[in-house]
There are 2 protein chains.
Amino acid sequence: MYAIVMAGGAGTRLWPLSRRRTPKQLLNLAGDASLLQQTVARLAPLLDPADIFVITSQAHVRATREQLPQLPEGNVLGEPLARNTGVAAALATALAGRDPDEVALVVPADHFVAEGPAYVDALREAARVAERGYLVTLGVTPDGPATGYGYIRVGERFHPSSPAARVDAFTEKPDAATARTMVKSGNHLWNAGIFVWRGYVFRQAVERYQPELAKAMDRVERIGTLPGFQSEIRTVVEALPAIQIDTGLAEPAAAEGHMAVVPLDAGWSDIGSWSALLEALSEAQGKELVASGRHLDRGSHRVLVQGGERLVVTVGLEDVIIVDTPDALLVCAADRAEEIKQVLDEISAATGDQYL
Amino acid sequence: MYAIVMAGGAGTRLWPLSRRRTPKQLLNLAGDASLLQQTVARLAPLLDPADIFVITSQAHVRATREQLPQLPEGNVLGEPLARNTGVAAALATALAGRDPDEVALVVPADHFVAEGPAYVDALREAARVAERGYLVTLGVTPDGPATGYGYIRVGERFHPSSPAARVDAFTEKPDAATARTMVKSGNHLWNAGIFVWRGYVFRQAVERYQPELAKAMDRVERIGTLPGFQSEIRTVVEALPAIQIDTGLAEPAAAEGHMAVVPLDAGWSDIGSWSALLEALSEAQGKELVASGRHLDRGSHRVLVQGGERLVVTVGLEDVIIVDTPDALLVCAADRAEEIKQVLDEISAATGDQYL
């Protein structure tokens, strides 16, 4: 068994802490280690460091290696350019060069998990199902009708002794009404973007649903790490369209009955926004004020302070996010944290690249 | 005529911008000049620089002189220790050594005035009334039942052609019910802490209501600025209790019919808190977002950003104060800005003097 840690995120939604140079997975958002470091540490009960591969943008290979000194250097793979998760997983599979019989755990580097052991248990169960030839995804019980996630319609269980079940269908980011119906139904889970499969099962799916990507995998395997391999791989990847695992592979595979789902109940969050981080940490720590750095409060409720070097004092705030960095400060209503993307467009228009 | 600018404020209520080293009057809170500089500039139509005296704490004499290069050095007077406004005015009067017949304008250094010409007109009118032997105060029309101000009950007018009137009584910082009644009555004004009087009229009032302070004035006049005067003056001032102009002189003088009031309608604010600054600047600028420094907003209402070097981004906030300084950041609900004092106590208890 081995893991492919997907560390390609740009993480603009966590500006101003996340920047082009320091995307989300490299940040200490939840504790003293980065999300990437926590992700790798979480896999320790399952895998040796030599069995953990990380794929990240070429620009972040160095910082990634620095954060993960326990991994062999060659296990941190550089992606010449971003073509979404499907291409990244295929590229990593090809470059890792592992036995196609082995089970691969494909896990995002920038998610938060409150309970590591429960996460490991779910991966173990998923690996058992994957060994039987399924493409397996982990499914999170929705805590509300969020429209930012893909939903999994859970089909029949394989066996009464395991919660693993067939995936009947995927619904990508639904509208609010559809989301409410799905949550009410009780048989839908959020797609957490965590996949488990045998190498050859993945390869077969790629060949069937993304034949162009399969050819690219062939080419990358031939190129390997011979001198000049990076520019050759860039040429291969450049020619590809962006392909997502969810829509490009999992959806058609589910339609043909090849997808399975294992429930994940481990305090998971993809930290898709500052308010998602506030929610996740608040729940994990049992506190309504979540603060890092030097902080003093007087009567605030539901506040996140992502502090730096300075003393941050909050008085009487409710549902506010504060992110303090050396050159930029964000103070944002928690229910409007999704607007950071538009804010970044405005900043870019007003000041160029300086703050990106 | 001459002016005594009272610059003794500690200004803890505007932390973290105001600190021990840089009290409120020395800060650029409303525009490109400090409140002190704006106060002195406002007096230009009335007085030459040589006729403007400033009394400030010994520790701030140097910074005050640097901010006011147009004043003769000797016009910036150092107060050895703070004994409230009555003592400061007496000390400044004694040290200035002006003709007792002259009218003195006693004006706080740290207030905000939106309309300088209206302020000057009120002072001119007050000087005319002062020439007739009254202690004159300026009175501001209340815009609500604030409990943080002294109230002036306005008596009969001296003459139909002037708004100047006798002061019937003072009420120091009333409770909310009393404040509401007074505002409703229509014949109460806020005491703005701006006083105008002839030197000898002030001296007579001091002799009558604060005889100990009168003796101290005698001693200070004798000491003058002979070698070693500073430590001698310190000895004199140390022996005095704290005496406020409002309660120690104006109140008893009003009871005996010696006080007059001239209305001040010039967009005045004493900027007693960050929310008072937001209100004052918001009204003066006709904007609900008041920001200094580099600032970008998306859909906020009634926000003050007192910025520094960094980019400050606000999203979806309502009634929030943000004060950004190099070592400390305050984010505060506007209606709780009064609690800064308690916050400072907590900071002091937790971290000592570092942030004070």
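Predicted model: local features only at pLDDT ≥ 70, side-chain atom pairs only at ≥ 80, totals over all residues.
Helix H11 of chain B, residues 340-351, lies across S13 and S15 of chain A. Its direction is at about 145 degrees to that of S13(A).

## A sheet with strands from both chains

An open sheet of 6 strands runs in the order S13(A)-S15(A)-S17(B)-S16(B)-S14(B)-S12(B), with mixed pairing. S13 of chain A and strand S12 (289-292) of chain B stand at the edges; each has a single partner strand, so one side of each is left without a neighbour in the sheet. Direction ignored, neighbouring strands of this sheet are turned by 10 degrees against each other on average.

Within the chain B part of the sheet, strand S16 (residues 318-324) and strand S17 (residues 328-333) run antiparallel and are joined by 5 bridges. In this pair Val323(B) stands opposite Leu330(B) of S17(B).

## Pairing of S17(A) with chain B

S17(A) is also joined across the contact: 5 bridges link it to strand S15 of chain B, residues 311-315. These two strands run parallel. One facing pair is Leu329(A) and Val312(B), the latter in S15(B).

## Strand S1 of chain A

Strand S1 of chain A covers residues 2-7 and is mostly covered, with 6 of its 6 residues buried. In a regular strand, side chains alternate between the two faces of the sheet. In S1(A), Tyr2(A), Ile4(A) and Met6(A) point one way, while Ala3(A), Val5(A) and Ala7(A) point the other way. The residues of both sets are buried.

S1(A) runs parallel to strand S4 of chain A (residues 103-108), to which 5 bridges join it. Here Met6(A) stands opposite Pro108(A) of S4(A). Another 5 bridges join S1(A) to strand S2 (residues 52-57) of chain A, and this pairing is parallel as well. Opposite Val5(A) stands Val54(A), a residue of S2(A).

Technical notes. Residues numbered from 1 in each chain as written. Chains lettered and ligands numbered in written order. Pairing = 2+ DSSP bridges. Helix = DSSP H or I, 4+ residues; strand = E, 2+ residues; numbered from the N terminus. Buried ≥ 20, exposed ≤ 12 C-beta atoms within 10 Å, placed from the backbone. Axes fitted to C-alpha atoms, helices over the stretch in contact; angles between N-to-C directions. Contact = placed C-beta atoms within 7 Å.
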